[in-house]
Amino acid sequence: MLVLNCSTKLLVLEKMLKAHFPESLKVYGAVMNMNRGNPFQKEVVLDSWPDFKAVITRRKKEAETDHLDHYTNAYAVFYKDVRVYQWLLEECDAINWDQIFQIQGLQSELCDVSRAVASSKQLNVKLTSFKAVYLPPISVQPDTSHLLSSRPPRLTYLSVADADLLNRTWSRGGNEQCLRYIAKLISCFPSVCIRDDKGNPVSWSLTDQFATMCHGYTLPEHRRKGYSRLVALTLAKKLQSRGFPAQGNVLDDNVASLNLLKSICTDILPCRFHRLILTPATLSSKAFH
């Protein structure tokens with residue numbers, strides 16, 4: 001097992017991962033952020049270099065961490081040979097098995113292999129799978145003429161002061177770890193927000209540590225005004241202008257989001273996005289899933 005610390009090699013890895021879209025998107029996004037300041041204190045683990053067969057991004061061992069914080073304790077995985085990924089899990093010090101954490105990836109074998117190894121180490125596993133989506137390049141500014149509102153919306157970005165609202169409205173939120181995580185995302189990565197005439201957020205989306213568009217949400221009383229569409233297109237264009245792919249995930253039964261994505265000509269990728277949350281038995285009574 002190797003830890004890839006060289007900045008030149010990390011730039012090379014970024015280019016190599018791009019050749020393996022879409023399966024490499026999560027690792028690619030994490031590596032892009034590493035190469036642009038590394039605000040989440042990530043590092044890359046792989047089996048060999050340059051001819052790697054599996055690559056994992058993880059938090060640096062020396063980074064301050066909360067063992068209950070599966071939002072921040074997050075790994076992204078891409079492999080060319082699933083047996084090498086399994087070897088990294090079983091035989092190497094690639095994963096911290098003593099904390100609650102998540103594994104993300106866009107390859108189907110990831111689920112069975114991760115679950116099998118986790119079970120052998122007596123961790124509980126919660127799997128959620130999503131449609132993976134990709135927005136083609138947006139060349140023009142999003143059209144606001146369709147907005148159903150008596151006054152033009154104020155399009156801006158999120159503030160750390162908005163983190164509490166986002167924590168309360170996110171289906172994955174409602175706890176201290178998520179609140180800290182959202183505040184960190186807002187301070188580090190691109191976001192888009194529509195505010196009302198009092199300055200309060202009414203519709204928003206932000207970007208996570210894997211350069212994924214996430215937590216797209218509009219307050220119930222402000223829905224059906226075209227805000228979600230404007231926010232999604234504006235954030236996608238912002239990411240693309242910085243060289244990032246505009247990617248996201250959506251649950252199969254989220255009809256409203258799927259209709260929105262269809263209306264903005266989003267591509268549904270052939271691979272699915274898988275997120276596994278792994279919890280040691282000793283921490284199961286304290287877990288927030």
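Modeller: Let's start with burial: a residue is buried under 20% relative accessible area, exposed over 50%, and partly exposed in between, using a 1.4 Å probe and protein chains only. The model here is predicted, so local features need pLDDT of at least 70 and side-chain atom pairs count only at pLDDT 80 or more, while totals for chains, interfaces and linings use all residues. Residues are numbered from 1 along each chain as its sequence is written, and side-chain values use heavy atoms, with hydrogens and water left out.

Colleague: Is H215 buried or exposed?

Modeller: H215 counts as buried because its relative accessibility is 8%. Helices (H or I, at least four residues) and strands (E, at least two) are DSSP runs, numbered from the N terminus, and H215 sits in strand β10.

Colleague: What is the phi of H215?

Modeller: First the general idea: most residues other than glycine have a negative phi, and most peptide bonds are trans. In H215 phi is positive, about 45°, although this residue is not a glycine. R224 also has a positive phi, near 65°, and is a residue other than glycine. R224 lies in the loop between β10 and α7 (227-241) and counts as exposed, because its relative accessibility is 77%.

Colleague: Where is the place of Q209, and which residues does Q209 touch?

Modeller: Q209 is in the loop between β9 (201-207) and β10 (212-218). Contact means heavy atoms within 4.5 Å. Leaving aside residues up to four places away in sequence, Q209 touches a list of residues including G29, N33, F40, Y71, Y181 and F189. For the next feature, a polar contact is a pair of N or O atoms within 3.5 Å; within protein, one must be able to donate a hydrogen and the other to accept it, and residues adjacent in sequence count only if both atoms are side-chain atoms. A polar atom of the Q209 side chain lies 2.9 Å from the backbone oxygen of Y71.

Colleague: How many salt bridges does the structure hold?

Modeller: A salt bridge is a side-chain nitrogen of Lys or Arg within 4 Å of a carboxyl oxygen of Asp or Glu, and the structure holds eleven of them. One of these joins the side chains of E14 and R36, at 3.0 Å from N to O. E14 is in helix α1 and R36 in the loop between α2 and β2, so this pair ties together parts 22 residues apart in sequence. E14 counts as buried at 9% relative accessibility, whereas R36 is partly exposed at 41%.

Colleague: What forms a salt bridge with K131?

Modeller: The partner is D252, the closest N and O atoms being 3.7 Å apart. K131 lies in strand β6 and D252 in the loop between β11 and α8, so the pair ties together parts that are 121 residues apart in sequence. The C-alpha atoms of D252 and K131 are separated by 6.4 Å. D252 is partly exposed, with a relative accessible area of 39%, and K131 is partly exposed at 25%. The side chains of D252 and R272 are also joined, by a polar contact of 2.6 Å.

Colleague: Which residues belong to domain 1 and domain 2?

Modeller: Domain bounds come from an automatic or database domain assignment, which gives domain 1 (2-133 + 274-283) and domain 2 (145-265). Their centres, taken over C-alpha atoms, are 25 Å apart. In the contact region, 30 residues of domain 1 meet 28 residues of domain 2.

Colleague: How much area do domain 1 and domain 2 bury between them?

Modeller: Buried area is the accessible area (1.4 Å probe) that two parts lose on being put together, summed over both. For these domains the value is about 2,500 Å², 60% of it on carbon and sulfur atoms. Two salt bridges are counted between domain 1 and domain 2. There are also 13 residue pairs in polar contact between the domains, both residues at pLDDT 80 or more. On the side of domain 1 that touches domain 2, α2 (25-34), β4 (74-79), β5 (101-105) and β6 (123-135) each supply at least two residues. The most comes from α2, with seven residues.
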